[in-house]
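Welcome to my notebook. I looked up a few places and jotted down what I found.

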Amino acid sequence: MKELVEYIATALVDNPAEVSVKQSRDFGNKVNLELQVAKEDMGRIIGKSGRVANSIRVLLRVAAARDNKQVNLDVVEGR
Amino acid sequence: MSPEKTILEVIAPTVEEAVSRGLDQLGLPEEAVEVEVLDQGAKGLFGLGNRQARVRLIVRPISLGEKTTAAEPGTGSTPSRASGEDDDYPLELARHVVEELITRMKVNAKVESSWVEQHNGSPEPMVLVDVHGEDLSILIGRRSEVLNSLQYITSLIVSKELGKWIPLMIDIQGYRTRRERQLRQLAQRMAEQAVHSGRRQVLEPMSASERRIIHLELRDHPDVVTESVGDEPNRKVTILLKR
């Protein structure tokens, strides 16, 4: 799951070196991912009306379902 | 920047409607065009002084970064362009991106890509990425949600790498082709019903590309016209009698 988000984010931003994905502890079958990108890349990852972020979530859900997990993705701004 | 630009002007009751109609017609996502509002339109009192909104959609030669240029492929983790292979670089790139994505989604499948003609008769060819394998319904999803997301993300990555927007479609086990045939049949059946009943027929909500298939199928129909109503993701095609 983490690798999927990393791959997409790195390919879409202008500052791939500033992409990082953190996976928090699992609560049962729930996984929380936090994607951090440079401030100027936020728009690119979120997209108009959140379209890009939502598409990433859809693909992520497929990956998670393979492991019988539920996943949540947050996008945060780097400093 | 390419000197050739595709420009489309649309007139509709509101600016939003004009934009989404235009995008329907072009079969492109919002990111691929630049919107210029020519006339905001005006709501008159009791229909008096009512003016429709007018917008102009310009298909972007460069869709994503202003920083990348069409001449300069980016330097990512994706395969680099070899000289003399310019023509097929987008094919190889698109195939590679889809493979990388589905591998990380833990799906095993065979990925192929080819140039195909666009449905709208545009001289520019389109990249078709074909995914084959067993039990791939997970890659399509409900109302082809997964397939559409996969196609959207792939288009963004490919366009960013190429520095320009290129039309790209992903098909999974021939799903799109099958679905297109079904939609065409549905369009004809509903048009017939509209003619028989004299009433407006409302279809189920569909994505922009699916609505486009319906619009195109009935474009030359002698008795009916089509119109999309409602907001995404519940936008639907309606079929009504020509006046």
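I take helices (H or I, at least four residues) and strands (E, at least two) as DSSP runs, numbered from the N terminus. This is a predicted model, where local features need pLDDT of at least 70, side-chain atom pairs count only at pLDDT 80 or more, and totals for chains, interfaces and linings use all residues. Residues are numbered from 1 along each chain as its sequence is written, chains are lettered from A and ligands numbered from 1 in written order, and side-chain values use heavy atoms, without hydrogens and water.

**Entry one.** I found A:Asp41 in the loop between strand S2 (30-37) and helix H2 (42-46) of chain A. A:Asp41 is buried (under 20% relative accessible area, with exposed over 50% and partly exposed in between; 1.4 Å probe, protein chains only).

**Entry two.** Next I turned to B:Gln118, in the loop between strand S4 (110-116) and strand S5 (126-132) of chain B. B:Gln118 counts as buried because its relative accessibility is 14%. A polar atom of its side chain lies 3.0 Å from the backbone oxygen of B:Glu124. I also saw that B:Pro167, 49 residues apart from B:Gln118 in sequence, is 8.4 Å apart in space, C-alpha to C-alpha.

Methods:
Polar contact = N/O pair within 3.5 Å; in protein donor to acceptor, adjacent residues only side chain to side chain. Lys, Arg positive; Asp, Glu negative; His and termini not counted. Salt bridge = Lys/Arg side-chain N within 4 Å of Asp/Glu carboxyl O.
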